[in-house]
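Dear colleague,

Please find the structure below, handed over for your records. My findings follow it.

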Amino acid sequence: MTNTKTTGEKKNFLTIFYEELSKSSLTIIILSIISGFILGGILVILTTPEVYQAFGRSFGEGLSASWQIVAKTYSSLFIGSFGDPAKIKVAFASGDSTAINKALSPFFESLVVTTPYLFTGVAVALGFKAGLFNIGAEGQVQIGGIAAAWAGWTFSGLSPWVHVPLAFLVGAAVGGLWGLVPGWLKVKTGAHEVITTIMMNYVAYYLIYYLIASPFRDPEEVVPKTRWVLDSAKLYRFFPDFNRFHIGFFIAIAVAVVVWFILFKTTWGYEIRSVGKNPHASKYAGMNITTVTVVTMMLSGAIAGMAGANEILGVSWRQSQALASGYGFDSIALALLAQNHPLGVILTALLFGFLKSGSRVMQLNAGVPIYIINILQAFIIMFIAAPAIIRTIYRLKTPSVKEVSPSVASLSEKK
Amino acid sequence: MEKNTQPVRVNHFKAFMAGSRHRIMGIFFILVAVFMRLVLTNSLDTSAMTTFATNINDTAIQIPNWTFNSRVGLDVISLLCIGLGLYEFIRGFKKATSLVLGIMGVIIVLGFLFWGASGTSISFTGMLAVMVIRAVPITIGALSGILCERAGIVNIAIEGMMISGAFAGAVIGSIWGLWPGVLAAILMGMLLALIHGVLSIKYKVDQIISGTMINILSTGLTSYLYIKFLQDAEYQHLNESGFFKPFAIPLLSKIPVIGPIFFDQNLYVYAMFILVIVLWIGLYKTRWGLRHRAMGEHPKAADTLGVNVFRTRYLACLLSGAVAGFGGSYFSLGSVGRFEQTMTAGRGFIALAAMIFGNWNPVGSLGAGFLFGFAESLTTKLSLLRFPIPAELLLMLPYVITIIVLGGVVGRSRGPAVGGTPYEKESL
C-alpha cells in the first residue's frame, strides 16, 4: 500500500533506512525479544494479587503498582545476572580487588551458566543445519557428563595437561556415541531421529540411574552420588575464591567458532548445509547423504557430551541424580533464535544464560518464579518462527524475497 | 583371482541377508532364549517355585494362585522364545513383527519374573491392573497424536497439552468439582491445539518448532503458577480437587483375574477403551475418517474433491487437543487428586513413541500403551522382590525395544505421507 505511494516520489534517507530496517531479520529478532519481555511483564502484572488490590483502590494506583512490580522484576533480573551497578561503581571507586571481585561475581556466574548452553546450542544448531532434529541433547549431556566423571577419577597420576583433555574427550566420545545411534538408525532404517533420540534420553537416564546407584557410587554418601573427580581433571578456575568461572567458557566459544568454520568455510560443511536444504539435490550432486547424516549426528552428540563434561569437570566435580536441567529443550529454543548459526548461538546462549542466572535473584527479590524465563523463551520462539505476527503488530514491511523461517527436516521426508 | 572371487562371496552373503531384517531379529530372539536357558535357569534350584497371586480383592469366585516350578516355567518361556525366533528367522512375521516384538518384550520380562520371584510370590493380577492404569495417559496421548498426524499435522506438543490439562483440571476441579475440571482440561488442551493450529496452518510455522514452543510454554506456565500460587498455603484450596474413585462394573468385575484388571477401575480406564474403539471406527469406517486420513496422505486430492483442507485440519487439531487435555486431567483428577509440578514426567513423549509403535493405529497404540504401562508397573513391583539384577537396567527395556522396533520394523512402514508439511492452496 505504502509501496505504491512512495515509488514515484523521491525517498529521503530516513524512509529508505526505515524500509531496509523493517525488512531485516535482525529487526524481527530484536522485536521478538522485546515483545517476549512485554508479554512476560503483562503476565507478571496479571499474576500479582497486590496489583488487583491497588486497582481496587484507584486506577492510577493500579497502574503504578503494575509498573512497580514489572520494574522490580526486570531490574532484579538484571542485577542477578550482571551484578548491582551501584555496588560495582563503589567497588571500583574503592579500588579494593576483593570488593571488585565480589561485585562482579554475578556476571561471571552468568558466564558459568551460559557455558553448557553454548555447547548444546551449537550441537542442536549443527544438527538443524543438516536437517536433523537432535532432541536428545539432554541425554547426550548427561551421559557425556558421567563418562567424563568416570575418566576424571579413574586415571590417576596424570598431569592436568593430559587429564583434563582426556576426560573432556571421553565425555565427548560417549555423547557422540549417543548421537551416532539415532543417526545410524535414520540412514539405515529410516527411523525418525526425533523419536529415537527421545528414547535414547530414557536409556541414558536409566543407565545413569543404575551407574550412580551401584558401580560408580561414592560409598560414603547416603544419597547416591558418584565419586569426586580428581584435582588433575578439574577445569581451571580463574577466581576460585569468588566464583566458579572456569576455562570451559572459552572452550565452548572455541567450539562454536570451529563449528562455524567447518560449516561455512569447508567443503564438508557445504555438504552438511546442502544435505539439510535439499537431500535429493545433494544426492544427485554426488554427495554421500549417509555419511553426512551419521557424522553430523555424531558430532552433534559429541558437542552435547562436551556440555556434560564441562558441567562435571568445571562446576560440580561429581554427578548426582539431579543433573537434568532441560538443556535439551532450551537448546532447541536458542538454536532457533540464532537461526542455527553457530556464532549467533553465542549471542543467544548469552541471552539465555544471563536470564537463567539472574532469575534466582528475581525470584528472591520480586517473588516472581524463575519459570517466567521459560515463558519468555516460548514467546520469543513463537515470534521468531512466525515473523508474520511481528510484522502485523509493528506494521513492518514484508520483504520482497520470501522469508526463510527456521525449520527442521520435516517428518515427511521420503527415503 | 582375488578380485574375481571376493565380490561373489560378498554378494552371496548379501543375498542371504538382503531384505531380511527378520533374520537378524530371529537370531536376536534365539540369543535371548539361549541366555535365559543357560544363565537364568542354571542359577536356580530345581525345586524353586514361583507363585503368581491371582486374587487382589474379594471377587465372588476365588481361584487358586498359580504356582509353577521356576525352572520349568523358564524352560517353557525359553522354548517359546526359540519357537518365535525360528519362525521369525525362517519365514518372518512380516506385518505382525511389531506385535511379536511386543510379545517378546513381555516374554522376556516374564522370564525375569520367574527367575526373580522364585521362592516367593508376586501379585500377578495386581501388576496387570497397575499396567492398565499406567497405560491410560500413554494411550490417550497416542490417540491425540494419531488424530493430529493422520490429518498431516505433527503434534509433539502432547506433553505440553497434557500438563496444562492436568493443571486446569486440578484448579477448576477444586473450585467447581470433578466434572467441570475434566471439561476445563479438555478446553485447555483445545486452546493450546488452536495455537498449534494457527501457527502451523495459518502461519505455516514448522510444526515441530510450534510443538516445541507449546511444550516450553506449558511447562513454564504451569510451573510458574504452581510456584506462585498453589504452593502457597493461602491458595491450598485451589489444589485439592480429589479424584475419580474406581467403580466396579456389575457382574463383569466378578470374573476372576480379568475382573479386577479391566472392570474395577476408574473413569479414565473405561474412557481409554471407549476412545480407542470410537476412534478406530471413526477413522476406518466413516466418511469423516476417510476425509481425515486423506489430509495426511494426499491433501491436494481431497481439496480437488471439494473437502476443505484447512477446516478439516483445524478440526483435527482441536480434537487432538481435546483428547490430550482429557488425558492430562488423568494425572490430577484420575490419580492423585492434586497438581504437582512436571507431573506428566515425559509421558507425552512416550505417547509419541507408542503412537509410532502402534503404527498410527488406535488399537496398535493401545497395545504399545500396555507395553509401556507394564514397564511402569514393574517399577513398583521390582522393589518389593529381592531382584537379582539391577531394576534400572530392566526398566530400560521398553525404550530399547522401541528403538529396535523403530529401526527394524516401523522404519519401512511409514506414517502419514505429508505429515509435517503445511498445505498451500494453489491460487488461480
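Which residue takes a positive phi just after α9(A)? The residue is A:Gly190, with a phi of about 85°. Helices here are DSSP runs of H or I with at least four residues, strands are runs of E with at least two, and both are numbered from the N terminus.

This is a predicted model, in which local features need pLDDT of at least 70 and side-chain atom pairs count only at pLDDT 80 or more, while totals for chains, interfaces and linings use all residues. Residues are numbered from 1 along each chain as its sequence is written, and chains are lettered from A and ligands numbered from 1 in the order in which they are written.

Helix α9(A) has 30 residues and should span 44 Å at 1.5 Å a residue, the expected span being 1.5 Å times one less than the number of residues. Its end C-alpha atoms are 43 Å apart, which agrees.

Between the chains, 43 residues of chain A are in contact with 45 residues of chain B (C-beta atoms, placed from the backbone, within 7 Å). Several helices of chain A each supply at least two residues to the side that touches chain B, including α9 (160-189) and α10 (193-213). The most comes from α10(A), with 12 residues.

In chain B, strand β1 (residues 49-53) runs antiparallel to strand β2 (residues 66-69), joined by four bridges; strands pair if DSSP finds at least two bridges between them. B:Met49 stands opposite B:Asn69 in β2(B). With strand β3 (residues 121-123), β1(B) pairs in the parallel sense over three bridges, and B:Phe52 stands opposite B:Ile122 there.

Yours sincerely

Technical notes. Two residues are in contact if their C-beta atoms, placed from the backbone, lie within 7 Å. A residue is buried if 20 or more other C-beta atoms lie within 10 Å of its own, exposed if 12 or fewer, and partly exposed in between; C-beta atoms are placed from the backbone.
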